[in-house]
Amino acid sequence: MSQARMTRSRQTAWVGWLWFAAIMMIMTGSFNAIYGLVALFKDEYYTITRQGLLVFDLTAWGWILLLFGLLAVATGFALFSGALWARISAVALAALNVLAHMAFMSAYPVWALIAITVDVLVMWAVIVHGDELAEGR
Amino acid sequence: MTADPPADDHPHPTYWTGWIAFGAAMIMLAGVFHVIEGLVSLLDDGYYLTTAAGLAVDVSFTVVGWLQIGLGVASLAIGIGMFLGATIALVAGVILAAVSAITHMATIAAYPMWSVVIIAFDVFVIYAIVKHGREMKLLRGTHNAAPDLSEREWIAHARR
């Protein structure tokens, strides 16, 4: 079987996980932007208890989450290319986002848990299956 | 395709180390998590939902804090070791992830969600190492063998 045919026949099956990561990244980015906007414009929505938030106040966390969210959406689109820089930024951004949500967790625990879950899915898909899209080229 | 699969000494590093790289990333992320928890335990234990008396074991938050910082630093070191391909790091990673899960069970009352997240991370680390750690051995000393198969061909064979 020729090299060209093998390459073509396998591309469809193998790029799946990276596309999944890209879509998850766009989704978690949109979540983040929503969390951030809510923190900025409707902060009574959050149920912060006496413990408060770590390090920053709600407004600062709002801007951080909004920024991370927009970056994540952009990185998600870049991830469709399978470029190495996009994969590295995706993993780094997802890891940072996990830490941000750890600190933000007391504001809305279940939201933070969802964001962390999706971030780990992104990291898993990109690290374990990330080289597949680039090879398909 | 009826040809024999390629010999075992041609695994491609990128593919075979994927799970280990993931395990390493997760243990390092858990490590940073531990350090942050440790700092909160030491400096701001009012942040927690319970006082030290409410924990499953009788320890002060100061002890818990130093333990968490120690676990965190060790996790980061082990993560780096895993990226570098050290076998000892794989063994240490499993042990440390198990210890981390047990300590977080003991301190779950302080911040249940954090403990749940960390225990989940620990499980990922253990799975990645136990299920896929041996693939590192396949790789060792063989990746200079200049395989004449492309990576995609190898993956296709490995998956079959």
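Surface patches are made of residues with over 30% relative accessible area and no salt bridge, in which like charges are joined within 9 Å and nonpolar side chains (Val, Leu, Ile, Met, Phe, Trp, Tyr) within 5 Å; a salt bridge is a side-chain nitrogen of Lys or Arg within 4 Å of a carboxyl oxygen of Asp or Glu. The model is predicted, so that local features need pLDDT of at least 70 and side-chain atom pairs count only at pLDDT 80 or more, whereas totals for chains, interfaces and linings use all residues, and side-chain values use heavy atoms, with hydrogens and water left out. Residues are numbered from 1 along each chain as its sequence is written, and chains are lettered from A in the order in which they are written.

In chain B, a nonpolar surface patch is formed by Val91(B), Ile95(B) and Val99(B), which together have about 250 Å² of accessible area (Shrake-Rupley method, 1.4 Å probe, with only the protein chains shown counting as cover for residues). Val91(B) lies in helix α4 (residues 87-106) of chain B, helices being DSSP runs (H or I) of at least four residues, and strands (E) of at least two, numbered from the N terminus. Val91(B) counts as partly exposed because its relative accessibility is 48%, where buried means under 20% relative accessible area, exposed over 50%, and partly exposed in between. Leu90(B), also placed in helix α4 of chain B, is buried, with a relative accessible area of 8%; its C-alpha is 30 Å from that of Ala56(B), at a sequence separation of 34 residues.

Three cavities of 30 Å³ or more were found in a search of the whole structure, a cavity being a set of points on a 1 Å grid over the protein atoms alone where a 1.4 Å probe fits but cannot get out, with lining residues having an atom within 4 Å of a point. The largest cavity has a volume of about 60 Å³, and its lining includes Glu37(B), Tyr48(B), Phe61(B), His104(B) and Trp114(B). Two or more lining residues are given by each of α2 (18-43), α3 (61-84) and α5 (112-132) of chain B, with the largest share, three residues, coming from α3(B).

Chain A contains five helices and zero strands, and 56% of its 137 residues count as buried. Met24(A), in helix α1 (residues 3-41) of chain A, is buried at a relative accessible area of 13%, and its C-alpha atom is separated by 14 Å from that of Ser89(A), 65 residues apart along the chain.

Technical notes: Buried means under 20% relative accessible area, exposed over 50%, partly exposed in between (1.4 Å probe, protein chains only). On a 1 Å grid over the protein atoms alone, a cavity is a set of points where a 1.4 Å probe fits but cannot get out, and a pocket is an open set with protein on both sides within 12 Å along at least five of seven lines; lining residues have an atom within 4 Å of a point. Grid points are joined across faces, edges and corners, and a volume is the space filled by probe spheres set on the points.
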